[in-house]
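I set out to record, entry by entry, what I looked up in this structure. The chain and its fold are shown below.

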Amino acid sequence: MAANGGTKAIVAALAANLTIAVLKFVAFILTQSSSMLAEAIHSVADSGNQLLLLVGGKRAKKEASPEHPFGYGRERYIYAFIVAIVLFSVGGLFALYEAWGKLQHPHGIEGDFWWVPLAVLVGAILAESFSFRTAIRESNPLRGDQSWVKFIRNAKQPELPVILLEDFGALLGLLFALFGVGLTLITGNGVWDALGTAMIGLLLVAIAAVLAIETKSLLLGESATRADVGKIRAAIESDGTTIIHLKTLHLGPDELLVAAKISVGAADSGRDIAAAIDAAEARIRAAVPTARQIYLEPDLQRISAGQA
């Protein structure tokens with residue numbers, strides 16, 4: 001997985017979310033705060049999502065088979081899409097349902113354990129900040145000079161963008177919960193707790209929608225980045241070869257299919273054409289190591305590029 005860095009970020013997020021989920025459930029049991037329940041379910045959903053990403057990464061490593069000759073690299077995209085569905089249904093919709101119920105029957109946070117939600121939320125913010133920091137550090141080498149928005153939109157490896165969005169959403173959700181619980185404790189009005197829960201639900205639905213849109217694009221099949229297409233084009237044309245047309249497709253985050261029709265001379269022998277193709281393939285793999293499946297078709301240049 002892009003690989004080991006992605007795994008490190010997932011494991012860090014999983015460890016944080018499992019610990020936080022237990023503490024949030026304890027806080028909910030002691031105080032009956034709907035914000036704490038929504039946050040607990042949020043952490044459970046996030047933990048399940050990280051397990052899904054790990055499963056997807058493992059299944060993507062299976063060897064190609066006659067039924068799947070290009071391998072199983074897209075398993076990572078499929079599991080990332082499932083993550084979006086889980087985050088939407090289990091996290092977002094449950095929080096909105098809980099908020100609606102609390103608005104109908106608001107109640108304050110009372111008893112000797114009123115301080116527990118605040119302690120848990122502050123501790124959770126510290127733990128999620130560490131997880132978010134890990135995801136940022138592991139993403140930076142891949143991000144380069146891109147903005148974070150462009151990185152999330154353009155990344156071919158789904159794990160790091162998913163973890164980044166989950167951790168960012170978790171931190172915002174904790175602040176929303178702190179807002180709801182804090183104002184409920186100050187005013188004694190449980191409506192604030194319900195509003196904090198609703199804010200958490202809307203946040204999770206929004207993040208799930210972004211993840212679904214981005215992973216849907218990857219599942220449909222995205223081309224190489226413009227930078228990689230430029231490198232491939234330059235590698236093919238470096239010996240004077242003309243490209244009639246060129247297409248690329250990500251078979252998985254770390255595997256790229258390259259198909260091109262290239263011009264050859266009418267007087268070139270079969271040996272010359274084969275040697276030229278082999279040399280072009282070697283140059284492509286040197287320029288873009290993820291280009292593992294390369295198909296170059298020789299043809300006489302009879303039409304302009306883009307019309308073939």
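**Entry 1**

Does Arg283 count as buried, partly exposed or exposed? I note before answering that the model is predicted. At 22% relative accessibility, Arg283 counts as partly exposed, because the class covers values between 20% and 50%.

I then looked for the salt-bridge partner of Arg283 and found Asp239, with the closest N and O atoms 3.4 Å apart. The two residues belong to distant parts of the chain: Asp239 sits in the loop between helix H8 (226-237) and S1, Arg283 in helix H9 (residues 270-287), and 44 residues separate them. Asp239 is also partly exposed, at a relative accessible area of 44%.

**Entry 2. The chain as a whole**

I counted the elements next: the chain has nine helices and three strands. Their order along the sequence is α-α-α-α-α-α-α-α-β-β-α-β.

For the overall dimensions, I found a radius of gyration of 25 Å, whereas a compact globule of 308 residues would have one near 19 Å. Along the principal axes, the C-alpha atoms fill a box of roughly 90 × 40 × 30 Å.

I also looked up burial and surface. Of the 308 residues, 46% count as buried. The accessible surface comes to about 14800 Å², and carbon and sulfur atoms account for 64% of that area. As for contacts between residues at least 6 apart in sequence, 74% join residues at least 24 apart.

**Entry 3. Salt bridges within the helices and beyond**

How many salt bridges does the structure hold? I found 10.

One of them joins Lys24 to Glu39, with 2.7 Å between the closest N and O atoms. This pair links distant parts of the chain, Lys24 lying in helix H1 and Glu39 in helix H2 (residues 34-59), 15 residues apart. Lys24 counts as buried at 1% relative accessibility, and Glu39 is buried at 0%. Both partners are therefore classed as buried, since their values fall under 20%.

I turned next to Arg76, which forms a salt bridge with Asp254; the closest N and O atoms are 3.0 Å apart. Arg76 is buried, with a relative accessible area of 6%, whereas Asp254 is partly exposed at 22%. I also noted that Arg76 and Asp254 are linked with Glu159 in a network of salt bridges.

**Entry 4. Arg292**

Where is Arg292 found? I located Arg292 in strand S3 (residues 291-299). Its relative accessible area is 47%, so the residue is partly exposed.

Leaving out residues up to four places away in sequence, Arg292 touches Asp254, Glu255, Leu256 and Arg285.

**Entry 5. Thr184**

I looked up Thr184, which has its place in helix H6 (residues 159-187). Thr184 is buried, with a relative accessible area of 1%.

Which residues does Thr184 touch, not counting residues up to four places away in sequence? I recorded Gly108, Ile109, Asn189, Gly190, Trp192 and Asp193. With Asn189 I found a polar approach as well: a polar atom of the Thr184 side chain lies 3.4 Å from the backbone oxygen of Asn189.

**Entry 6. A nonpolar patch on the surface**

My last search concerned the surface. Val22, Val26, Leu30, Phe113, Trp114 and Trp115 make a nonpolar patch of about 570 Å². I followed Val22 in particular, which is found in helix H1 (residues 4-31). Is Val22 buried or exposed? Val22 is exposed, because its relative accessible area is 53% and the class begins over 50%. Helix H1 thus holds both the exposed Val22 and the buried Lys24.

Definitions and conventions. Residues numbered from 1 in each chain as written. Predicted model: local features only at pLDDT ≥ 70, side-chain atom pairs only at ≥ 80, totals over all residues. Heavy atoms only, no water. Patch = residues over 30% accessible without salt bridge, like charges linked within 9 Å, V, L, I, M, F, W, Y side chains within 5 Å. Areas by Shrake-Rupley, 256 points an atom, 1.4 Å probe, with all protein chains shown as cover. Salt bridge = Lys/Arg side-chain N within 4 Å of Asp/Glu carboxyl O. Helix = DSSP H or I, 4+ residues; strand = E, 2+ residues; numbered from the N terminus. Buried < 20%, exposed > 50% of the residue type's maximum accessible area, 1.4 Å probe, protein only. Rg over C-alpha atoms; globule rule 2.2 N^0.38 Å. Contact = heavy atoms within 4.5 Å. Polar contact = N/O pair within 3.5 Å; in protein donor to acceptor, adjacent residues only side chain to side chain.
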